[in-house]
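Please find below a note on the model under review.

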Amino acid sequence: MGLSIDALHAQPTTSTIKIRTKDVDVFYDNRPAIKGVSLDLYKNEIVAFIGPSGCGKSTFLRTLNRMNDTIPGCRVEGGVYLDGEDIYDDKIDVVMLRARVGMVFQKPNPFPKSIYENVAYGPKIHGLARGRSDLNDIVEESLLRAGLWDEVKDRLNARATGLSGGQQQRLCIARAIAVSPEVILMDEPCSALDPIATARIEELIDELSRQFTIVMVTHSMQQAARVSDRVAYFHMGELIEINATDKVFTQPDNQLTEAYITGRFG
Ligand code: ADP
């Protein structure tokens, strides 16, 4: 017996929610940058945040692994839950949190160390390897999954900063993967890359979503359309709409979204 239409179109159940945010506000020195954002992010989906520059996409992304903690004057209110657990609770180990919810930045930022050390560092500090050969396996596996292994396997001890920009960004993805995250946040991961390097990262994002939840900020609507399952449109600190990517780009629910995607705003 085949699946019923209802089953095919079933909404993800609450058990597949990976991150839930509830009424999140973010302030910089008491100036609001994010206002009352509530949304659910599901396992294994790719969600793109789009909207005009300064609308709060990066700020909101950073609330998902407490990266805003590192910005002086930044205050977060409301709730952010990873597998139902409040990540802003005092008991939370932030280093562990950021391993579970990894981040890839706009500009590739490898450590000024070898390619091997860039990937091995996280598993070492988190005690994920039982010895050298185990660590070697984690490094190889992470580089393989980041689509970089073949290009670097003969020069693992070379400095990471000698790689091309696209390779450095794949190395940063390998570094994030190496600590077995559950969610990967990407803040405009291709904005410093050429079109070929961008295409490789986009393919990689698609593959990685089989295992991780991926949340990316992009200024490119084309990229959001190519890569994401759902799109969230932000406007002046508010979440205006989150819907399936096709819907957002063909039949958005909100006029503000429509104005943005048709180029009348932003
Ligand atoms: P987007 O990612 O959509 O371009 P941001 O999250 O970077 O938007 O910025 C949202 C608002 O917060 C903007 O008004 C911006 O000026 C402000 N902002 C962002 N980062 C900081 C910061 N470190 N200090 C003070 N204000 C900031």
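1. Basis. This is a predicted model, in which local features need pLDDT of at least 70 and side-chain atom pairs count only at pLDDT 80 or more, while totals for chains, interfaces and linings use all residues. Residues are numbered from 1 along each chain as its sequence is written, and side-chain values use heavy atoms, with hydrogens and water left out.

2. The open sheet. Four strands form an open sheet in the order β2-β1-β4-β5, with antiparallel pairing. Strands here are DSSP runs of E with at least two residues, helices are runs of H or I with at least four, and both are numbered from the N terminus; two strands pair if DSSP finds at least two bridges between them. The edge strands, each pairing on one side only, are β2 and β5 (85-86).

3. Strand β1 and its partners. Strand β1 (residues 17-28) is joined to strand β2 (residues 31-42) in the antiparallel sense over eight bridges. Eight bridges also join β1 to strand β4 (residues 74-82), again antiparallel. Arg-20 has a bridge partner in each: Asp-40 in β2 and Tyr-81 in β4. Val-26 has Val-76 as its bridge partner in β4. The hairpin of β1 and β2 has two residues between the strands, and Asp-29 there takes a positive phi near 50°.

4. Aromatic pairs. The whole structure holds five aromatic pairs; rings of Phe, Tyr and Trp (its six-membered ring) pair if their centres lie within 6.5 Å, and planes under 30 degrees apart count as stacked, over 60 as edge-to-face and the rest as tilted. Phe-49 and Phe-60 have ring centres 5.7 Å apart and planes at 45°, so this pair is tilted. The pair links distant parts of the chain, eleven residues apart, with Phe-49 in strand β3 (residues 46-50) and Phe-60 in helix α2 (residues 57-63).

5. The aromatic cluster. Phe-60 also pairs with Phe-234: the ring centres are 5.6 Å apart and the planes at 40°, so the pair is tilted. Because Phe-60 lies in helix α2 and Phe-234 in strand β9 (residues 230-235), this pair ties together parts that are 174 residues apart in sequence. Phe-49, Phe-60 and Phe-234 form one aromatic cluster. Are its members buried or exposed? Phe-49 is buried at 0% relative accessible area, Phe-60 is buried at 0%, and Phe-234 is buried at 0%. Buried means under 20% relative accessible area, exposed over 50% and partly exposed in between (1.4 Å probe, protein chains only).

6. Charges over rings. Arg-75 lies over the face of Phe-27, at 4.3 Å from the ring centre. Arg-175 lies over the face of Phe-111, at 4.4 Å from the ring centre. The criterion is NZ of Lys or CZ of Arg within 6 Å of the ring centre and within 35 degrees of the ring normal.

7. The largest pocket. The largest pocket contains about 480 Å³ of space. Its lining has 19 residues, of which Arg-98, Ala-99, Met-103, Phe-111 and Arg-175 are the closest to its centre. Two or more lining residues come from each of α3 (94-100), β6 (101-104), α4 (115-125) and α7 (165-177), and α3 gives the most, with four. On a 1 Å grid over the protein atoms alone, a pocket is an open set of points where a 1.4 Å probe fits, with protein on both sides within 12 Å along at least five of seven lines, and lining residues have an atom within 4 Å of a point.

Terms used: Points joined across faces, edges and corners; volume = space filled by probe spheres on them.
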